[in-house]
Amino acid sequence: MKLDATDLRYVTSDEFRVLTAVEMGSKNHEVVPTALIAQISGLRNGGTNKLIGSLAKRNLVSKVQNSKYDGYRLTYGGYDYLAMRAMSKRDSMHSVGNQIGVGKESDIYIVADAKGKEMVLKLHRLGRISFRAIKDKRDYLGKRKSASWMYMSRLAAQKEWAFMKVLHEHGFPVPQPIDQARHCILMEFIDAYPLRQISEVPSPGKLYSTLMDLIVRFALAGLIHGDYNEFNILIRRNSGEPIVIDFPQMVSTSHENAEWYFNRDVECIRTFFKRRFQYESSLYPRFRKIMAEGHSEGGNFKLDVIVAASGFGRKDMKILEQVSSTKILFLKYLILAPLVHGDY
Ligand code: ADP
Ligand code: MG
C-alpha cells in the first residue's frame, strides 16, 4: 500500500469527521454499522453515505457486508491517514517521501518537516497476518475478543516510543524520538547501513566489544533489547558508530525469561561475527555475572521501572508479549493454510 501525502490535504473536514467516527466505532465493533457512523459523526444520514463512499474509494475505509448488517471497517490506509494528520497538525511532519523498509510488522518511510529536514516514519503493522485466522484457537487477549490489528499496532508503537525516549534521554545510541501518534513513530533519520549489509569493518574486534558493551549497558539499566541482531544495528556512514533500533520487544531484566533473552541477543552477535568477519572471541557477557556485579555496585538505574512509570505498564507489555508468542502459531498457519487477508 502506498502512503499518499497529497491525500492529507484532500480529505475535507466532513470526511475527516466520518473517518474519525469509523475509528471510534471500531473500539467496540469489528464492523461499524453505517447508522452508528452517521450517529457518531453527527451528520445527516444521507450525507454520511456519500462521504463514506468517497473514503472507501480511496481505501481509507472498506465496506463489509455482514450477515446481520452492512458496515465499514477502518483500513490501515485510514489509520495511517489519521496518524499522519495528527502529526502534521502538530507540525512535526509535512510530507512523505520514499518507503525505505518493509518489515514483517512495520513499514518505514522517509518523511520531512516543513523545512525539508528528513526523518523516519515507522508504521507498525501488527496483524498483517490476520489475527482472525487464529482468534478462535487461542485466548491470547483474555476477554478482549474484538482486539484488532489497530489496537495491537498502537500498543507496539507506544511501547517502542516509551523505550526509545527513555534510552535516548539516558544517552544510549538510539535515534532521537520526535513524535508518536496511534501506530506510528516519528524519529531521527540515521544516515547508516544496517550491519547486515556491511561486509568489511576496520576492526571487527572493536565493533564486537562495542556491541557487547552495549548489551551490558542495557542490562545494567534493567533492559534487554530482545532482537539485537544485524538488522537492528545501524552503522553510521561517516563515523562507523553503531545505532540500535527496533524496540517493541524489549524486556526487563526482571522478566522471568530474562536470561534466555539476554543469551539470545549475545548469541546473535557472536554468530554474525563468526560468519561475516570470521571473528570469534571467548569473551562475551554472562547475564548472572553482570546482574550480580551491577547489584553489588548498587549503581543500577532501572529504566524498565522508568518506562513502566511513563504510562506503558506491565499489562500492556503482557498483551504484546502474548502476541509475540502467538507469532509462532501464525507461522504454522502460513505453512498449513492459505492466508486470510481480512483486515486490509
Ligand atoms: P522492523 O520492526 O520492521 O524490523 P525496524 O525498526 O527494524 O522495523 O526498521 C526496519 C528497517 O528500516 C531497518 O532495518 C533500517 O534499515 C530502516 N530504519 C529504521 N529506522 C531507521 C532510522 N531511524 N534511520 C534510518 N533507517 C532506519
Ligand atoms: Mg528490525
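The chain contains twelve helices and 13 strands, where helices (H or I, at least four residues) and strands (E, at least two) are DSSP runs numbered from the N terminus. The model is a predicted one, in which local features need pLDDT of at least 70 and side-chain atom pairs count only at pLDDT 80 or more, while totals for chains, interfaces and linings use all residues. Residues are numbered from 1 along each chain as its sequence is written, and chains are lettered from A and ligands numbered from 1 in the order in which they are written.

Of the 344 residues in the chain, 36% are buried (20 or more other C-beta atoms within 10 Å of the residue's own, with C-beta atoms placed from the backbone).

Helix α2 comprises the 14 residues 13–26. In α2, the buried residues are V18, L19, A21, V22, G25 and S26. These residues lie on the same side of α2, because they cover an arc of only 155° around the axis (the arc of the directions from the helix axis to the C-beta atoms).

Helices α8 (residues 204–220) and α9 (residues 258–277) pack at an angle of about 175°, and their axes are 11 Å apart; axes are lines fitted to C-alpha atoms, for helices over the stretch in contact, and angles run from 0 to 180 degrees between N-to-C directions. The angle makes α8 roughly antiparallel to α9 (over 145 degrees). Residues in the contact (C-beta atoms within 7 Å) include Y208 and L211 of α8 and F262 and D265 of α9.

Technical notes. The expected span of a helix is 1.5 Å times one less than its number of residues. A residue is buried if 20 or more other C-beta atoms lie within 10 Å of its own, exposed if 12 or fewer, and partly exposed in between; C-beta atoms are placed from the backbone. Angles under 35 degrees count as roughly parallel, over 145 as roughly antiparallel, 65 to 115 as roughly perpendicular and the rest as oblique. Two residues are in contact if their C-beta atoms, placed from the backbone, lie within 7 Å.
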